[in-house]
Amino acid sequence: MESIKGQGGIQMLLTAEQEAQHIVSSARNLKITRLKQAKDEAEKDVALYRSNLEAEYQKNLSDVTSCESSGAKRLEEETEVRIRNLKGSASEAKQDIVSMVIKYVTTVKA
């Protein structure tokens, strides 16, 4: 009689062990699934963050480029104004300088 109880107890233990293995296996599979989902979400977040940073970088780069080109244009305009002013000053003083040079060249000192 005890052997029947013993065999029934062993059978219950084997059944309980199989159920425990099934529960552990299910938990592992669920854990793996959750980890994969977390990894996929993290990769999406990283890709979104990277694209935002890239867009910001490109915007800053275009801003700097446009500032440089407008600065170069402004500098070119200022240079043209200065050249015109110098040419105007030179043409105004040209006659006086020519007269002064002719005077010194043609004046004889004794």
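Is Arg74 buried, partly exposed or exposed? In this predicted model, Arg74 comes out as partly exposed, since its relative accessibility is 48% and that class runs between under 20% for buried and over 50% for exposed. The side chain of Arg74 pairs up with Glu78 in a salt bridge, at 3.0 Å from N to O. Glu78 is partly exposed too, with a relative accessible area of 34%. The two sit four residues apart in helix H1, so about one helical turn separates Arg74 from Glu78.

## The other salt bridge

Search the whole structure and you get two salt bridges. Besides the Arg74 pair, there's one between Lys59 and Asp63, where the closest N and O atoms are 3.4 Å apart. Here again the spacing is four residues within helix H1, which means about one helical turn between Asp63 and Lys59. Asp63 is partly exposed, at 33% relative accessible area.

## Helix and annotation

Helix H1 covers residues 2-106. An unreviewed UniProt entry lists residues 32-96 as "coiled-coil region". Across that stretch the chain is 100% helix and 0% strand, with 95 Å between the end C-alpha atoms.

## Surface patches

A negatively charged surface patch brings together Asp40, Glu41, Glu43 and Asp45. Asp40 belongs to helix H1 and is partly exposed, at 40% relative accessible area.

Conventions
Residues are numbered from 1 along each chain as its sequence is written. This is a predicted model: local features need pLDDT of at least 70, side-chain atom pairs count only at pLDDT 80 or more; totals for chains, interfaces and linings use all residues. Side-chain values use heavy atoms; hydrogens and water are left out. Patches are made of residues with over 30% relative accessible area and no salt bridge: like charges are joined within 9 Å, nonpolar side chains (Val, Leu, Ile, Met, Phe, Trp, Tyr) within 5 Å. Accessible areas come from the Shrake-Rupley method with a 1.4 Å probe; for residues, only the protein chains shown count as cover. A salt bridge is a side-chain nitrogen of Lys or Arg within 4 Å of a carboxyl oxygen of Asp or Glu. Lys and Arg count as positive and Asp and Glu as negative; His and the chain ends are not counted. The place of a charge is taken as NZ of Lys, CZ of Arg, CG of Asp or CD of Glu. Buried means under 20% relative accessible area, exposed over 50%, partly exposed in between (1.4 Å probe, protein chains only). UniProt positions are given in the numbering used here, feature names are shortened, and annotations may be inferred rather than shown by experiment.
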